Each structure stands twice: as structure tokens, then as C-alpha cells.
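I am keeping a notebook on one protein model. The entries follow the order in which I looked things up.

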Amino acid sequence: MDYLFQEARTPAGLTGQQVRKQLEAYLNRYKRLGRVLILPPDITRSNSYAGPIVRMLCELLSQAKIDIMPALGTHTPMSNQELDRMYPGVPHEWFCVHDWRNDVIRVGEVPGAFVEEVSGGWMDTPIPMEVNRRLLDPGYDLILSVGQVVPHEVVGMSNYNKNVFVGCGGAGTIHQSHFLGALYGMERMMGRDLTPVHRVFDYAEEHFIQGLPLAYILTVTAPNNDGISLRSLAVGRDRAMFSDSIRVSQRYNINFLEQPLKKVVVYLDPEEFRTTWLGNKAVYRTRMAIADEGNLLILAPGVTRFGEDLENDAVIRKYGYCGRKTALRLARTDRVLSENLSVAAHLVHGSSDGRFTITYAPSALTRAEIEGVGYQYADLAQMMQQYDIRRMKPGSNLIDGEEVYYIANPALGLWADRSKFLNQADIQVR
């Protein structure tokens with residue numbers, strides 16, 4: 001096995017000393033490292049343990065010239081305040097910004113025949129693979145991709161080479177890979193390994209970027225009584241390290257329920273979730289747990305718009321969360337959506353297709369704006385008073401005679417009715 005892997009054996013998780021020892025052991029494989037590029041997550045993965053890891057790397061690589069490029073994908077660049085919160089003490093001038101629309105180079109194309117094979121016929125379009133031009137700079141002796149493995153709506157389980165092809169990828173890759181996931185169905189992929197999107201990224205890694213001096217640092221984290229614990233750490237490049245990490249994440253990040261939930265309340269931390277593009281993790285990660293005709297209430301004090309950038313925001317406002325059939329039809333017939341397939345996928349993911357109600361209680365968006373994209377609206381102050389997050393505990397609560405299931409951060413896992421999770425392959429329709 002050409003990678004390092006360590007799993008925690010206590011509820012407290014791996015210690016900083018254990019992590020540092022593993023990082024040092026891996027870096028000792030290299031005789032000289034003059035320039036190093038680190039690709040960590042942004043503030044939306046603040047619970048990834050990437051902050052301490054990046055600080056350790058900066059210390060261990062003190063003799064090298066270090067550049068740090070957060071793997072933003074389509075997300076808004078990190079502010080100085082966010083950098084200080086997630087990566088305290090790391091000089092701001094070491095950071096650079098990934099521009100997914102303009103600063104990428106195509107490294108190859110995954111053939112349509114392969115896409116058709118792995119998707120079971122759902123898609124037969126070739127997928128261009130693009131990465132930020134920095135990754136192709138021959139001056140780097142090592143590229144370290146740091147990220148958290150956790151259930152994900154687009155790919156199934158986040159990280160590994162998703163961090164490169166989406167986090168540091170371009171519009172063509174992001175649009176097509178997201179649309180592939182939407183076509184195949186996120187409920188068939190979330191929490192699983194070797195999904196069609198995983199296999200496309202694995203093909204691209206094997207055929208297009210094997211020559212890069214790339215290594216992955218993968219974490220799995222989970223809540224405990226003291227906050228967040230680090231359940232496992234993997235360092236290397238072997239694909240098996242991703243599967244090992246996925247198995248740990250499946251144990252700690254998938255919350256199985258024995259019966260569907262009638263009312264779910266999700267809180268979105270305002271420092272982490274400022275758009276429905278990100279905040280809709282409240283929808284994605286709970287949809288397999290919510291009963292037919294159930295209710296999802298999203299407390300969103302930081303949400304001020306829909307898209308992470310203004311172009312995507314305008315597209316979401318135009319079409320709304322219109323559901324799978326409508327969004328996929330428009331993606332084939334409407335020029336705007338056909339040129340923005342990742343947004344079309346987002347509109348699919350963010351709808352319940354009428355199966356349960358989705359109510360947003362935002363800080364700044366108006367009733368007209370929320371209802372204009374197909375959601376129900378609730379007053380945030382009233383909902384925060386009725387559902388006091390200081391008094392609710394994660395899981396089941398009884399509020400004024402109403403049974404409510406509370407989730408404090410949807411980014412930390414996946415919640416699913418056990419029978420729905422096990423039977424998803426049988427319920428997808430074209």
C-alpha cells in the first residue's frame with residue numbers, strides 16, 4: 001500500500017501530534033522541496049480539520065516556497081477574515097484565488113462512450129477536463145490536495161480528485177460533471193463509492209494528470225461531545241486511500257433512521273452559508289430522511305442571495321427550483337440553462353419534486369424572492385423564537401407537542417431512512 005492511513009480508536013479522535021507525525025513521515029519521502037502548492041478547502045469546509053493541517057504543512061515545509069490556492073470550485077473567494085478564521089497565522093500573501101471561468105487549461109476529454117458506460121446510458125456526452133493552470137506549472141516539486149471525505153450530492157462522496165477537477169476545475173468540467181450527477185440521480189450516489197462521477201474523475205486522473213507531482217491528504221471528521229473529532233487521516237495518491245476513507249465516513253457521517261421524518265429543522269451557520277447554492281445542503285442531505293408530505297424548515301440567518309456568483313444567481317432567479325423533469329427538459333431546450341448545466345443540476349438537487357415542502361427563513365431575502373424560486377417563506381425571527389437552537393439537541397425534540405428532528409449543520413453528514421437508502425437504485429425514473 002503506497003499511502004499512509006490511520007484511523008482513530010477513541011471518541012476523541014486523532015490528536016494533532018498523530019497528524020503531524022503522519023504528515024512528516026510522508027514528506028520525508030522527498031529529498032528536496034523547493035516550491036509547493038497546497039490546495040485546501042474554503043470556509044465551507046471549516047469542519048474538515050484542514051486548518052490545522054495547513055498550518056502544520058507550513059511549519060514542516062518552512063524551507064520551501066509555499067503557494068496556497070483554496071479549491072473554491074464555483075464558490076466565492078475567501079475574505080481576509082475567513083482566511084484568518086480558518087488558517088490563522090498563515091500570511092495572506094501566500095494565498096491565490098482560483099478562477100473557474102477564466103484561469104484553467106484543458107488537459108483532456110473523457111470519451112462519451114466511457115461516460116455512457118459508467119452512467120448506464122443516462123449520458124453519452126464527452127466531458128472536458130480542465131484544471132487551474134497553476135497545477136501545470138513545472139516549477140512545483142509537490143502539489144498537496146487537502147480535503148474532507150463526506151457524503152456529497154454531486155459525486156457521491158467528496159474529495160480525492162474531485163478537489164482537483166471541480167475544486168480547481170473549469171466551467172466545462174463543472175457543468176458536465178454536475179449534470180451527469182443530476183441525470184443519474186443524487187439519491188443513488190450520496191454516501192457511495194465508485195459512482196459514475198467518481199469513475200469519470202478517476203479516468204481523468206489516470207489518463208491526463210498522472211505526471212503531476214500530486215498527493216492527497218484526506219480527512220474524515222464527525223461531531224462529538226467536544227465539537228469535531230478527526231476520525232481518520234490518509235496521505236498519498238493511491239485510489240485505495242479514498243475507498244478506505246469512504247468506509248470510515250460511511251460509519252460516522254451517515255445517520256440512518258428507522259422511519260421517515262415528518263418535520264426537520266436545519267440551522268445554517270451564517271459564517272458558512274450565505275447562499276442557497278451552499279445552504280441547500282439542508283435539502284440534499286435530508287431528502288432521503290423526510291417523509292412524503294413532510295416539512296423541511298431551513299433557518300438561514302446568513303443567506304442573502306441564491307448563487308455564489310451573480311451570473312448563477314440570475315439564472316436561479318429566472319428558473320427557480322423547478323424540479324427534475326422541468327430542469328432537465330429546459331437544459332436540453334433552453335440556451336441559458338444548456339450553457340449553465342451546473343446550475344440546471346443545482347435546480348434539480350434543490351427541489352423536492354413536490355414530495356415534501358421546503359421553507360426558507362432567511363435574513364435578507366424577501367418573501368417575494370423566496371417564493372419566486374419555488375420555496376415557501378417564513379419569518380426568521382419568529383422561527384428562531386419558535387425553534388430555539390440553543391435549547392434543541394441534535395436529533396429528535398418535542399416542541400409544543402410537535403416532534404421535530406433538528407440538524408445543526410447539514411454539511412457534516414447524510415440523514416436517510418434506512419430503507420430508502422438501500423433501495424434507491426430501484427426508484428429512479430427517466
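**Entry 1: Arg-285**

I started with Arg-285, which I found in the loop between helix H10 (281–284) and strand E13 (290–300). Helices (H or I, at least four residues) and strands (E, at least two) are DSSP runs, numbered from the N terminus. I noted that this is a predicted model, in which local features need pLDDT of at least 70, side-chain atom pairs count only at pLDDT 80 or more, and totals for chains, interfaces and linings use all residues. Residues are numbered from 1 along each chain as its sequence is written, and side-chain values use heavy atoms, with hydrogens and water left out.

Is Arg-285 buried or exposed? Arg-285 has a relative accessible area of 1%, so I wrote it down as buried. Buried means under 20% relative accessible area, exposed over 50%, and partly exposed in between (1.4 Å probe, protein chains only).

I then looked up what Arg-285 touches, leaving aside neighbours within four places in sequence. Its contacts include Pro-151, His-152, Glu-153 and Trp-415; contact means heavy atoms within 4.5 Å. Pro-410 is also in contact with Arg-285, and the backbone oxygen of Pro-410 lies 3.3 Å from a polar atom of the Arg-285 side chain. From Arg-285 to Phe-273 I count twelve residues in sequence, and 15 Å in space from C-alpha to C-alpha.

**Entry 2: Confidence**

I checked pLDDT, the predictor's confidence in each residue, from 0 to 100. The protein chain averages 94, and 98% of the residues score at least 70. Over residues 425–430 pLDDT stays under 50, and for these the model has twelve contacts beyond four places in sequence.

**Entry 3: Aromatic rings**

How many aromatic pairs does the structure hold? I found ten. Rings of Phe, Tyr and Trp (its six-membered ring) pair if their centres lie within 6.5 Å; planes under 30 degrees apart count as stacked, over 60 as edge-to-face and the rest as tilted.

Phe-114 and Tyr-203 form a tilted pair, 4.7 Å centre to centre with 40 degrees between the planes. This pair links distant parts of the chain, with Phe-114 in helix H4 (residues 112–118) and Tyr-203 in helix H7 (residues 196–208), 89 residues apart. Phe-114 and Tyr-203 are both buried. Together with Phe-208 they form one aromatic cluster.

Tyr-160 and Tyr-216 also form a tilted pair, because their ring centres are 4.3 Å apart and their planes are at 40 degrees. Tyr-160 is in the loop between strand E8 (156–157) and helix H5 (162–165), while Tyr-216 is in strand E9 (residues 214–224), 56 residues apart. Tyr-160 is buried at 3% relative accessible area, and Tyr-216 is buried at 0%.

**Entry 4: Positive phi**

Most residues other than glycine have a negative phi. Tyr-160 has a positive phi, near 60 degrees. Asp-400, not a glycine either, has a positive phi of about 50 degrees. Asp-400 is in the loop between strand E16 (395–399) and strand E17 (402–407). Its relative accessibility is 75%, so I listed Asp-400 as exposed.

**Entry 5: Nonpolar cores**

A nonpolar core is a set of buried Ala, Val, Leu, Ile, Met, Phe, Trp, Tyr and Cys residues joined through side-chain atoms within 4.5 Å. The largest has 101 residues, and Leu-135 is one of those with the most contacts inside it. Not counting residues up to four places away in sequence, Leu-135 touches residues including Leu-37, Met-69, Cys-168 and Leu-212. I also found a second, separate core of 36 residues, with Leu-4 and Met-78 among them.

Notes
A polar contact is a pair of N or O atoms within 3.5 Å; within protein, one must be able to donate a hydrogen and the other to accept it, and residues adjacent in sequence count only if both atoms are side-chain atoms.
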